[in-house]
Amino acid sequence: MTDRPIAHLNQVQLARRWSLSPRTLERWRWRDQGPRYLKVGGRVVYRLEDVEAFERASARQPEATLRSGGTL
């Protein structure tokens, strides 16, 4: 078990983090898109580590950088 506590974000907090509407996150859940989430007692929460993993997986490298062989 890890020593650090597990951090969670609710739908409104995550929407603010990404400058999205909370409704967008609801739609993503309905379509099975977006980051993993937990439903706890009728509440939806996102583990910070899942949010960060989703951000890493969604990162894109500019095409020009790939052609020139550069790295970010």
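**View 1. Asp50 is a buried residue of a predicted model.** Let's start with a single side chain. Asp50 has a relative accessibility of 13%, so it counts as buried, since buried means under 20% relative accessible area. Bear in mind as you look around that this model is predicted. Asp50 sits in helix α3, which covers residues 48-58. Which residues does Asp50 touch once its neighbours within four places in sequence are left aside? They are Pro35 and Arg36.

**View 2. Helix α3 lies across two strands.** Helix α3 lies across β1 and β3. Its direction makes an angle of about 60° with β3.

**View 3. Three strands make an open sheet.** Follow the strands across the sheet and you will meet them in the order β1-β3-β2, with antiparallel pairing. Which strands stand at the edges? They are β1 (8-10) and β2 (38-40); each has a single partner strand, so one side of each is left without a neighbour in the sheet. Ignoring direction, neighbouring strands of this sheet are turned against each other by 45° on average.

**View 4. Strands β2 and β3 are joined by bridges.** β2 and β3 run antiparallel, and three bridges join them. Look for Val40, which stands opposite Arg43 in β3.

**View 5. Helices α1 and α2 cross.** Helix α1 takes in residues 11-18 and helix α2 residues 22-30. Their axes come within 8 Å and cross at roughly 110°. Angles of 65 to 115 degrees count as roughly perpendicular, and α1 and α2 are therefore roughly perpendicular to each other. On the α1 side, the contact is made by Gln11, Val12, Leu14, Ala15 and Trp18. On the α2 side, Pro22, Leu25, Glu26, Trp28 and Arg29 take part. Sorted by class, this contact of α1 with α2 has seven nonpolar residues, one polar residue and two charged residues.

**View 6. Seven residues form the largest nonpolar core.** How many residues does the largest nonpolar core have? It has seven, and you can find them one by one: Leu9, Leu14, Ala15, Leu25, Val44, Tyr46 and Val51. Helix α1 and strand β3 (43-47) each supply at least two residues of this core.

**View 7. A closer look at Leu9, a member of the core.** Again leaving aside neighbours within four places in sequence, Leu9 is in contact with Leu14, Arg17, Val45, Tyr46, Leu48 and Val51.

How values were computed: Residues are numbered from 1 along each chain as its sequence is written. This is a predicted model: local features need pLDDT of at least 70, side-chain atom pairs count only at pLDDT 80 or more; totals for chains, interfaces and linings use all residues. Side-chain values use heavy atoms; hydrogens and water are left out. Axes are lines fitted to C-alpha atoms, for helices over the stretch in contact, and angles run from 0 to 180 degrees between N-to-C directions. Helices (H or I, at least four residues) and strands (E, at least two) are DSSP runs, numbered from the N terminus. Angles under 35 degrees count as roughly parallel, over 145 as roughly antiparallel, 65 to 115 as roughly perpendicular and the rest as oblique. Contact means heavy atoms within 4.5 Å. Ala, Val, Leu, Ile, Met, Phe, Trp, Tyr, Cys and Pro count as nonpolar, Asp, Glu, Lys and Arg as charged, and the others, Gly among them, as polar. Buried means under 20% relative accessible area, exposed over 50%, partly exposed in between (1.4 Å probe, protein chains only). A nonpolar core is a set of buried Ala, Val, Leu, Ile, Met, Phe, Trp, Tyr and Cys residues joined through side-chain atoms within 4.5 Å. Two strands pair if DSSP finds at least two bridges between them.
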